Amino acid sequence: MLPELGHFTLILALCMAVPLAVIPLIGAARNNQLWMSYARPLVCGQFVFLVTSFACLAAAFLMDDFSVAYVAQNSNSAMPVQYKLSAVWGAHEGSLLLWALILSGWTFAVAVFSRNLPDELVARVLSVMGMISIGFLLFLLLTSNPFARLLPNSPLEGGELNPLLQDVGLIFHPPLLYMGYVGFSVAFAFAIAALLGGQLDAAWARWSRPWTNIAWAFLSAGIVLGSYWAYYELGWGGWWFWDPVENASFMPWLVGCALIHSLAVTDKRGVFKSWTVLLAIFAFSLSLLGTFLVRSGVLTSVHAFASDPARGLFILVFLFLVIGGSLTLYAVRAPEVVSKPVFGLWSREILLLLNNVILVVAAVTVLLGTLYPLIIDSLGGGRISVGPPYFNLVFVPLMCVLFVLLGFAPKSQWKRSSTNNLKRELFMAALASLGVGVLFPLIYGGELHLGAVLAATLSLWIAITGARDLITKGRKSGFGRLSRSYLGMQLAHFGLAVCIIGVAFTSIYSEQRDVRMSPGDSLELGGYRFQFDGVKQVEGQNFSAQEGQISIYQGDQKAYLLQPQKRVYLARRQSMTEAAIETGFTRDLYVALGEPLGDGAWAVRVHYKAFVIWIWMGGLLMGLGGFLAVTDRRYRIKAAQSEKIPVATDNGVAEVSSNLGAKA
Amino acid sequence: MKRLKLFVPLIIFIALGSLLLKGLELDPNEMPSALIDKSLPEFRLPSLENPEAMLGRKDLLGQVALVNVWATWCPSCRVEHPYLLQITEQEKIPIYGIDYKDVREDAQQWLRKLGNPYVANVFDEQGKLGIDLGVFGAPETYLIDQKGVIRYKHIGVVDDQVWLKHLKPLVEQLRAEASQG
């Protein structure tokens with residue numbers, strides 16, 4: 001009964017989305033208040049129905065209803081309850097439902113938090129989001145219904161969620177990632193609404209900014225989590241593989257990053273409008289493209305969902321409509337570019353423009369590398385694959401330039417070039433970073449490794465220039481009065497500096513051994529002695545495992561015991577490697593079991609990972625910076641104002657939320 | 001003229017989109033093997049059924065045949081198994097098995113329980129022959145001619161579609177060639 005209810009509410013949500021995409025839009029074109037006022041109730045309806053639908057699917061998982069095909073494929077009664085729940089979005093159908101739910105959630109949030117924006121704009125934004133929603137709901141209902149039943153011969157026991165995905169990481173990774181992907185739909189909808197209304201001004205940019213920031217922050221958190229999960233779950237100690245699907249999340253992140261900066265210029269200075277709109281379209285288009293790549297089966301990837309061509313065709317048509325439509329609109333409606341530079345050579349505008357150019361070039365490089373195999377193949381050139389060497393070759397130099405420029409950013413000013421005084425200050429910062437940047441690898445690594453010097457110098461350069469600016473500004477106006485958007489920016493830039501150290505030092509100073517170890521054998525790595533004490537049999541809830549016992553000695557003292565597992569999941573006899581990691585501030589010790597080699601000996605993989613945790617710490621700081629910026633007073637004042645201005649509130653939610661906004 | 005520039009993103013997207021459309025028709029699992037039209041590699045490994053008996057490349061020659069890489073730990077092999085039984089029955093084509101990185105008792109029991117479509121099974125415990133063949137993962141199926149030259153390789157489950165579209169036409173062609181020459 002519940003699955004039918006879920007299916008039915010899914011259809012009802014579509015019934016809300018269709019009028020949502022049409023009525024408010026016509027209302028806005030004709031300036032008809034009544035028609036525009038349909039938007040909010042329809043949004044609420046859509047959201048409520050999708051929540052119900054999602055809850056029904058979750059209930060089917062929790063109650064082990066194996067008559068539902070999707071549940072039978074991805075869950076069984078022995079699975080721990082938290083994985084039953086995360087299995088809801090563990091495969092194609094359910095994750096798509098999550099997509100749709102999050103989209104309607106964002107739409108709902110826009111409806112609630114935009115009471116002080118012009119009615120036409122809100123009506124258009126919500127309509128555009130309704131159109132996107134139609135696409136996804138149709139996709140669900142026509143090609144990927146998660147509620148399809150296996151009747152009358154329903155199985156007594158289900159299959160199993162892929163063991164790789166039975167992990168805490170999977171509980172949070174997809175929802176965060178989708179929050180980011182889908183969040184860009186808000187900036188996209190604002191851009192399209194502005195193009196439709198012909199009001200591409202600074203106000204539009206200001207309204208888009210918090211939404212873009214928060215989507216980008218979610219995406220950052222999602223990517224960081226995914227990368228960390230790959231690191232400890234895949235058992236080979238890598239954290240980024242330039243896999244097509246990783247790239248699919250990284251491209252919107254890069255473009256979103258460019259968009260955040262470009263929106264700042266449009267907001268403050270009213271320039272780069274066409275470019276900013278294009279970026280907003282671009283960021284969301286790349287999110288959609290990512291969805292296409294994962295679900296259509298055109299690329300091979302560890303992430304690829306089981307896919308069939310009908311689904312691929314559907315998404316491709318949808319891509320054509322959304323991206324083609326919006327780019328056509330852009331071509332017809334975007335303001336022509338006026339090339340009258342009203343800013344100096346080293347002004348903040350120029351720096352941000354350069355930031356944009358580099359980030360977009362980086363995104364295009366990744367796009368090219370990702371699609372190149374596909375392009376060559378469809379032109380009849382056979383199968384090739386593009387690997388990390390390509391990406392590293394083009395990506396690293398681009399980023400180095402970006403990092404150098406970043407050091408100039410805090411001190412730069414709108415319109416004007418910086419003064420001589422500032423130049424001297426920057427020169428000192430550069431000297432300091434270079435000095436420490438050379439010393440550090442010399443002391444830590446014992447030799448002058450050029451890559452390490454470069455990374456340390458660039459990272460310090462960003463950190464020092466940022467810190468100096470923070471101190472100067474803080475002294476001038478009091479640290480408590482610095483705006484949160486400023487602090488958020490500082491935090492994100494500092495996170496980047498941390499991340500640079502992590503990425504560079506991990507790839508330079510890490511060591512790895514793949515060895516055959518019999519009980520009693522030991523090996524030295526990174527100043528530690530790893531001793532293999534044999535293997536124990538352990539039983540989990542839905543797997544049984546061989547658990548290696550590896551003692552790690554520092555000097556003569558036993559410092560740690562690591563217990564990596566080789567698991568066999570019982571339902572489908574799938575085997576899995578569970579690495580054991582001892583995490584430290586400047587290094588991780590990482591041990592994974594390979595294959596048994598007979599006579600109690602095992603293939604064992606031992607890693608010494610220098611500074612690896614810095615990668616994710618940096619990424620998290622960037623995300624936190626994004627979140628912090630959104631809580632800036634600038635955005636809350638609007639909520640407070642909406643209380644004073646008498647607005648006819650037709651539901652309590654908006655009132656409550658505006659109160660909360662003012663107090664928070 | 002300036003307005004025309006704004007159409008550039010659209011044009012680029014349309015070009016990209018048509019490539020993606022083309023990409024939908026291609027199957028990324030179709031992997032050309034480096035061994036196509038090369039001879040089956042030499043090996044000397046025990047038979048699955050009888051650990052004393054050694055099998056070699058010569059034992060697989062003489063007829064157009066399928067060589068199927070399988071294992072008991074491979075869920076897709078279980079899916080494929082009934083179809084292999086069906087084609088030996090209906091098409092009269094010998095199938096040689098390579099039991100890949102497996103446990104002998106498990107594999108023997110599997111064949112007793114599910115039926116045995118194979119003329120003979122090579123027991124490749126260490127995966128050595130698998131390396132020589134460039135096996136990605138079980139199941140994989142190779143089509144060899146009577147001289148032991150690999151003519152086709154399929155990665156993944158052989159089913160009706162794969163058999164009718166790729167394997168069967170080639171089998172018939174090879175048999176015709178063999179009877180002429």
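Here are some questions and answers about this predicted model.

Residues are numbered from 1 along each chain as its sequence is written, and chains are lettered from A and ligands numbered from 1 in the order in which they are written. In this predicted model local features need pLDDT of at least 70, side-chain atom pairs count only at pLDDT 80 or more, and totals for chains, interfaces and linings use all residues, while side-chain values use heavy atoms, with hydrogens and water left out.

Me: Which helix gives the most to the nonpolar patch of chain A?

Reply: Happy to start there! The patch covers about 620 Å² and includes Leu2(A), Phe8(A) and Val81(A); patch members have over 30% relative accessible area and no salt bridge, with nonpolar side chains (Val, Leu, Ile, Met, Phe, Trp, Tyr) joined within 5 Å and like charges within 9 Å. A salt bridge is a side-chain nitrogen of Lys or Arg within 4 Å of a carboxyl oxygen of Asp or Glu, and accessible areas come from the Shrake-Rupley method with a 1.4 Å probe, where for residues only the protein chains shown count as cover. Helices H1 (2-30) and H5 (81-86) of chain A each supply at least two residues (helices are DSSP runs of H or I with at least four residues, strands are E runs of at least two, numbered from the N terminus), and the one giving the most, with three residues, is H1(A).

Me: Is Leu2(A) buried, partly exposed or exposed?

Reply: Leu2(A) lies in helix H1 of chain A. Buried means under 20% relative accessible area, exposed over 50%, and partly exposed in between (1.4 Å probe, protein chains only). At 32%, Leu2(A) is partly exposed.

Me: Which strands stand at the edges of the sheet in chain B?

Reply: The open, mixed sheet has five strands in the order S5-S4-S3-S6-S7, where two strands pair if DSSP finds at least two bridges between them. The twist averages 20 degrees from one strand to the next. A single partner strand each, so that one side is left without a neighbour in the sheet, marks out S5(B) and S7(B).

Me: What angle does helix H6 of chain B make with S7(B)?

Reply: H6(B) spans residues 160-180 and lies across S3, S6 and S7 of chain B. Angles run from 0 to 180 degrees between N-to-C directions, with axes fitted as lines to C-alpha atoms, for helices over the stretch in contact (heavy atoms within 4.5 Å). For H6(B) and S7(B), the angle is about 170 degrees.

Me: How many residues of strand S10 in chain A are buried?

Reply: S10(A) has antiparallel partners: S1(A) through seven bridges and S9(A) through nine. One bridge pairs Asp514(A) with Arg605(A). Of the 10 residues in S10(A), the buried ones number eight.

Me: What is the phi of Asp599(A), in the turn between S9(A) and S10(A)?

Reply: These strands form a hairpin with two residues between them. Gly598(A) is the bridge partner of Ala601(A) in S10(A). In the turn, the phi of Asp599(A) is positive, at about 55 degrees.

Me: What is the relative accessible area of Phe611(A)?

Reply: Phe611(A) sits in the loop between S10 and helix H18 (612-630) of chain A. Phe611(A) has a positive phi of about 55 degrees although it is not a glycine. Phe611(A) is buried, and its relative accessible area is 3%.
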